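Please open the structure in a viewer and keep the selection tool at hand.

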Amino acid sequence: MKIPEHRRATAYYILIILAFVILFIITSYQYKLTDRMFPLLVSYIALPLLIMDLLALTDSKLGEKLSLFFSAKTPKEVDKDADKTLRTIGQELKIFAWMGTLVLGIYLIGFLPCTPVFVYCWMKYRGGYSVRESSYLAIATIVFVYVLFEIILQYELYPGIFLYWYG
């Protein structure tokens, strides 16, 4: 199965994410049973989706069938309709920096305080939304996360390392 040249950057990106998901699965098995259930659920859902996405990039019958199934378009139609915006490595690294900051924030201060701050900053500075719209979206997101995980699922979200140190 050969991946055409114009789709290889996407394939490399998928492979990097796939490596992180596999690392995440391996790391999750070091947690207590209750702590690893949600990360493993997400990882085991992501794994086949990433593999299917990678296969859909190939010029094979399976790739074409996957592409038709998920996007109702052949790979050639997907290529034709693809975003032609050129993105530099610097622009891509900025996105990774944002995501890295999110992960670091969650690690240090936890999900609940970090979520609205990240959503607000992302919507304001990356999305171009107004202060009011960004605030509403941040508040709605934290309410959704809190209600879903803490109340409905009764799942304690990670509180951050600072809470362990100073709590």
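**First stop: a patch on the surface**

In this predicted model, select Ile139, Val143, Tyr146, Val147, Ile151, Ile152 and Leu153, which form a nonpolar patch on the surface with about 650 Å² of accessible area together. Is Ile152 buried or exposed? Ile152 counts as exposed because its relative accessibility is 58%, and the cut-off for that class is over 50%.

In soluble globular proteins, nonpolar side chains tend to be buried together. Now select Ile3, Ala11, Ile14, Leu18, Val21, Ile25, Leu40, Leu47, Leu50, Leu54 and Leu57; these 11 residues make up the largest nonpolar core. At least two residues of this core are supplied by each of helix H1 (8-28) and helix H2 (33-56). The largest share, 5 residues, comes from H1. Then centre the view on Ile14: apart from its neighbours within four places in sequence, Ile14 is in contact with Leu50, Asp53, Leu54 and Leu57.

Finally, select Cys114 and Cys121. Cys114 is buried, at a relative accessible area of 6%, whereas Cys121 counts as partly exposed at 25% relative accessibility. A search of the whole structure finds 0 disulfides.

How values were computed: Residues numbered from 1 in each chain as written. Predicted model: local features only at pLDDT ≥ 70, side-chain atom pairs only at ≥ 80, totals over all residues. Heavy atoms only, no water. Patch = residues over 30% accessible without salt bridge, like charges linked within 9 Å, V, L, I, M, F, W, Y side chains within 5 Å. Areas by Shrake-Rupley, 256 points an atom, 1.4 Å probe, with all protein chains shown as cover. Salt bridge = Lys/Arg side-chain N within 4 Å of Asp/Glu carboxyl O. Buried < 20%, exposed > 50% of the residue type's maximum accessible area, 1.4 Å probe, protein only. Disulfide = S-S within 2.5 Å. Core = buried A, V, L, I, M, F, W, Y, C linked by side-chain atoms within 4.5 Å. Helix = DSSP H or I, 4+ residues; strand = E, 2+ residues; numbered from the N terminus. Contact = heavy atoms within 4.5 Å.
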